[in-house]
Amino acid sequence: MTAGKAIGWGIALAMTLAFNANGATTRYLVKFKSKAAFQSVQNSSKQMGLLGQKAQSQQFKLFSSDAAVVQTLPQLEMAVIESNSEAAVNSLKNHPAIALIEKEVFHPAPKPMITRSANISAAPARARSTDVPRPWGIDAVKAPEAWGTTRGANVRVLVLDTGLDAEHSAISSRFEKGRNFTGGSDQDITDEIGHGTHVSGTILADGVGGELVGVAPEARLLMGKVCASNGCSSIAIANGINWAIEENVNVVNMSLGGFFITQAERDALTSADAAGVMVIAASGNDGTGRVSFPAAFGTVMAVGAVDSTLTKAEFSQWGRELDIVAPGVEVVSSVPQGMGRGSQMTMTVGDKGESDVRSLPFVGSPLRELNSELVFAGLGREGDFEGVDVRGKIALISRGEITFKEKAEHALANGARGMVVFNSVDGLMQGALTEDGSEGALPAVMIEKTVGESIKASLAGGETVMARVVIEPSNYASFQGTSMATPHVAGVAALVRAANPNLTPSQVRDVMKQTATPLGPNSNNEYGAGMVNADAAVAQAMSQSVIRLSKVTGL
């Protein structure tokens, strides 16, 4: 391409402002065939001072078409255009300067997968809200063993997700900056879903003062909000990757995706890899033998999920593209302050003294304090309430046969003020009272099997059992999903890149796969290379650094 053509294309940008009479517009990503062509468009746009102009009544036109340039992405050599005329956009597709025009699409927004069936441990009933036991996944990936070498200092991790509570006490010291690519204020990264804050805590929560600790607690955090309630825009994702390259971050965490990937997104990911930015993404939660995108794309590290027994999670997608697995079940991490739920429970049997009871609140429990008598109502089935007076009292119900939601509905319909469910197996679990995690009408907690059986026996013996149950806001919650596994791997990648900054993204992927702990049976690549191992990966990264230094110095 000659300089004359580049100048010509720049001049071809319409010099006029026009009125958009039809209102709503569609956005597109445009990729140019050469750097010179892109720069000509960018320079002309800047000279006219109209880049980013959003008012539909005054828009800057591209190549004398009816499409307005509203943004450029320099690291990707792409532009964002808007138009309400499909014909105008089609007319640009054959322009000699344009390689690709792609309509904006929305991938499903990531949502927390609420724990529904697996048993987990709980902190003591009266533990302070700032005392967060180290999540099991941190030890499972052997992060503490690697901390003697590095804790991730000087590494910058960009999370592309639903936003962040940047003032969360476990994260604020690690937060560097954020951008909102979903519309509105560029600086508004408010996390209304909780997903991005949860992911971030697993990667790099600082662990100070008894707070949550992440895999790489000295790494730095950048947040790119690319997902909102309506989904994750392909343009927002391209913006986030452009920003990753611009900021020269070391690792990008993408706990998001779907069944397809656009060509512009492929090109963006290729550019990130070429720029030395490592991208890690979730394999998906449909439990099928097909890895979701962007995880399935060649330059991206695809992550599946295992539970605390190191068995593949039922929901975790697998397939030939799966690279590695990490903890993705019962993952406790940070959520926007107050979005989580904690509980305290005490009981008094007859004239005996008050005793603490370990409990976990159900997802969907409203904030409330109850002081009332416990009444046993069997399994909480509709017929179990016949002849049982639970009005104004707390229904004690055993786990089994019907859903927690149904148990709560029956208790509420019979006048109960609250519900205490005792487990049918050892340990505790955090169930849900609603399908979507929204707030229900009845406060409810789960207690351990042995405690519940003991209360049941006391009631059968004619003793009165009084309970005090408090559902209180918490800054932490337990989620599950490959979204929760991915940040464990991103944290390990941060440790590896801190240990050896000279490794390319491809080399980091190789190190992590070569040092993973094999799991199986793995005949269909359900586990990829196995469980990510921070200690072994950091050690190998360091040894490669020593080998490289020896070659350079001739030692």
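This is a predicted model: local features need pLDDT of at least 70, side-chain atom pairs count only at pLDDT 80 or more; totals for chains, interfaces and linings use all residues.
Me: Why is the disulfide of Cys-227 and Cys-232 called right-handed?

Reply: The torsion about the S-S bond of Cys-227 and Cys-232 is about 105 degrees, and the disulfide is therefore right-handed.

Me: Is Leu-92 buried or exposed, and how do you know that?

Reply: The term buried applies under 20% relative accessible area, and Leu-92 has a relative accessible area of 2%, so Leu-92 is buried. Leu-92 belongs to helix 3, which covers residues 86–92.

Me: Which residues does Leu-92 touch, if those up to four places away in sequence are not counted?

Reply: With those left out, Leu-92 touches Leu-62, Phe-63, Ser-65, Ala-67, Ile-81, Ile-98 and Ile-101. One of these, Ala-67, is 25 residues apart from Leu-92 in sequence, while the C-alpha to C-alpha separation of the two in space is 8.9 Å.

Me: Why are helix 11 and helix 12 called roughly perpendicular?

Reply: The axes of helix 11 (residues 482–499) and helix 12 (residues 505–514) cross at roughly 110 degrees and come within 10 Å. Angles of 65 to 115 degrees count as roughly perpendicular, and helix 11 and helix 12 are therefore described in that way. The crossing of helix 11 and helix 12 is right-handed. On the side of helix 11 the contact is made by Val-489, Val-492, Ala-493, Val-496 and Arg-497, and on the side of helix 12 by Pro-505, Val-508 and Met-512. Sorted by class, this contact of helix 11 with helix 12 has seven nonpolar, no polar and one charged residues.

Me: What angle and what handedness describe the crossing of helix 6 and helix 11?

Reply: The axes of helix 6 (residues 195–204) and helix 11 cross at roughly 35 degrees and come within 8 Å, and the crossing is right-handed. His-195, His-198, Val-199, Thr-202 and Ile-203 of helix 6 meet Ser-483, Met-484, Pro-487, His-488, Ala-490 and Gly-491 of helix 11. By class, the contact of helix 6 with helix 11 has five nonpolar, six polar and no charged residues.

Conventions
Residues are numbered from 1 along each chain as its sequence is written. Side-chain values use heavy atoms; hydrogens and water are left out. A disulfide is a pair of cysteine sulfur atoms within 2.5 Å. Helices (H or I, at least four residues) and strands (E, at least two) are DSSP runs, numbered from the N terminus. Buried means under 20% relative accessible area, exposed over 50%, partly exposed in between (1.4 Å probe, protein chains only). Contact means heavy atoms within 4.5 Å. Axes are lines fitted to C-alpha atoms, for helices over the stretch in contact, and angles run from 0 to 180 degrees between N-to-C directions. Angles under 35 degrees count as roughly parallel, over 145 as roughly antiparallel, 65 to 115 as roughly perpendicular and the rest as oblique. A crossing is left-handed if the near helix is turned anticlockwise from the far one by less than a right angle, and right-handed if clockwise. Ala, Val, Leu, Ile, Met, Phe, Trp, Tyr, Cys and Pro count as nonpolar, Asp, Glu, Lys and Arg as charged, and the others, Gly among them, as polar.
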